[in-house]
Amino acid sequence: MRIMIVVGHPQKNTFCEALGNAYGTGAESAGHDVKLFHLAEMHFDPILHEGYRREQALEPDLRAAYECLAACDHLVLVFPLWCGDMPALLKGFIERILQPDLIARADTENAMNWSIFKNKSARIVMTMGMPVSIYRFWYGGHALKLLTRNILNFIGIKPVRHTLFGMVGTTKPQARDRWIEQIRETGRNAA
């Protein structure tokens, strides 16, 4: 299986990066082909300056990510919950790599069929400073719903599974080590 992992944390050397790396090493140990993208190390403009009116050429890092997305079977997005949502850099990344296909369909008979990446599955791995139960039930899991329903399902990626880690800032190292091993095992199973 071809797996694309995107670490959407805009900083280097984070727990999200450790989780992304663990998923990757687990998947590789099971014989899967893994491509890992750390947004903190990529060079691209995250802003769609013309919106969807005119195509904005993809920088080399985005071109490589787009080609990987088109070829992969499974997408993994790892990011922290910031201000109730994904970091702006991850949202910009998603908008930029989807822009060429969405513009290409705008004036065709397929304009309303956005399932351009069907036959792919995804896993969202999200970290947060609050308890997961509070995020899901009190806040309604907004970022999770946005990413799952409004973006990934909308472009045909199904099923989308979720792994959420809460209270990350106050968690003991032993718990973090267990989470890393949990994600490594998830990667082995390419789930």
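In this predicted model, His74 is buried, with a relative accessibility of 0%. The residue belongs to strand E3, which spans residues 74–80. The His74 side chain makes a polar contact of 3.1 Å with the side chain of Tyr23. Beyond four places in sequence, His74 also touches residues including Met1, Arg2, Ile3 and Met4. Ser121, Ala122 and Arg123 are among its other contacts, as are Ala190 and Ala191.

The largest nonpolar core holds 41 residues, and Met4 and Phe93 touch the most other members. Strands E1 (2–7), E3, E4 (121–127) and E5 (160–165) each give two or more residues to this core. Helices H2 (60–71), H3 (88–105) and H5 (142–153) do likewise. Met4 contacts Phe93 itself, and also Lys35, Phe37, Ala65, Cys68 and Leu69, among others. A separate core of 19 residues includes Ile5, Phe15, Ala27 and Val125.

The protein contains six helices and five strands. Their order along the sequence is β-α-β-α-β-α-β-α-α-β-α. The radius of gyration is 16 Å, which agrees with the value near 16 Å for a compact globule of 191 residues. Along the principal axes, the C-alpha atoms fill a box of roughly 55 × 40 × 30 Å. Buried residues account for 50% of the 191. Of the contacts between residues at least 6 apart in sequence, 78% join residues at least 24 apart. The accessible surface is about 9500 Å², with 53% belonging to carbon and sulfur atoms.

Side chains of opposite charge can pair when their charged atoms come close. Eight salt bridges were found in the whole structure. One of them joins Glu59 and Arg96, with the closest N and O atoms 3.0 Å apart. This pair links distant parts of the chain, 37 residues apart. Glu59 lies in the loop between strand E2 (33–38) and H2, whereas Arg96 lies in helix H3. Glu59 is partly exposed at 21% relative accessible area. Arg96, by contrast, is buried at 0%.

Lys35 is partly exposed at 44%, and Asp33 is partly exposed at 39%. A further salt bridge joins Glu181 and Arg188, with a closest N to O separation of 3.2 Å. Glu181 has a relative accessible area of 35%, and Arg188 one of 28%. Through shared partners, salt bridges connect Glu181, Arg184, Glu185 and Arg188 in one network.

Terms used: Residues are numbered from 1 along each chain as its sequence is written. This is a predicted model: local features need pLDDT of at least 70, side-chain atom pairs count only at pLDDT 80 or more; totals for chains, interfaces and linings use all residues. Side-chain values use heavy atoms; hydrogens and water are left out. Helices (H or I, at least four residues) and strands (E, at least two) are DSSP runs, numbered from the N terminus. Buried means under 20% relative accessible area, exposed over 50%, partly exposed in between (1.4 Å probe, protein chains only). A polar contact is a pair of N or O atoms within 3.5 Å; within protein, one must be able to donate a hydrogen and the other to accept it, and residues adjacent in sequence count only if both atoms are side-chain atoms. Contact means heavy atoms within 4.5 Å. A nonpolar core is a set of buried Ala, Val, Leu, Ile, Met, Phe, Trp, Tyr and Cys residues joined through side-chain atoms within 4.5 Å. The radius of gyration is taken over C-alpha atoms; the globule rule is 2.2 Å times the number of residues to the power 0.38. Accessible areas come from the Shrake-Rupley method with a 1.4 Å probe; for residues, only the protein chains shown count as cover. A salt bridge is a side-chain nitrogen of Lys or Arg within 4 Å of a carboxyl oxygen of Asp or Glu.
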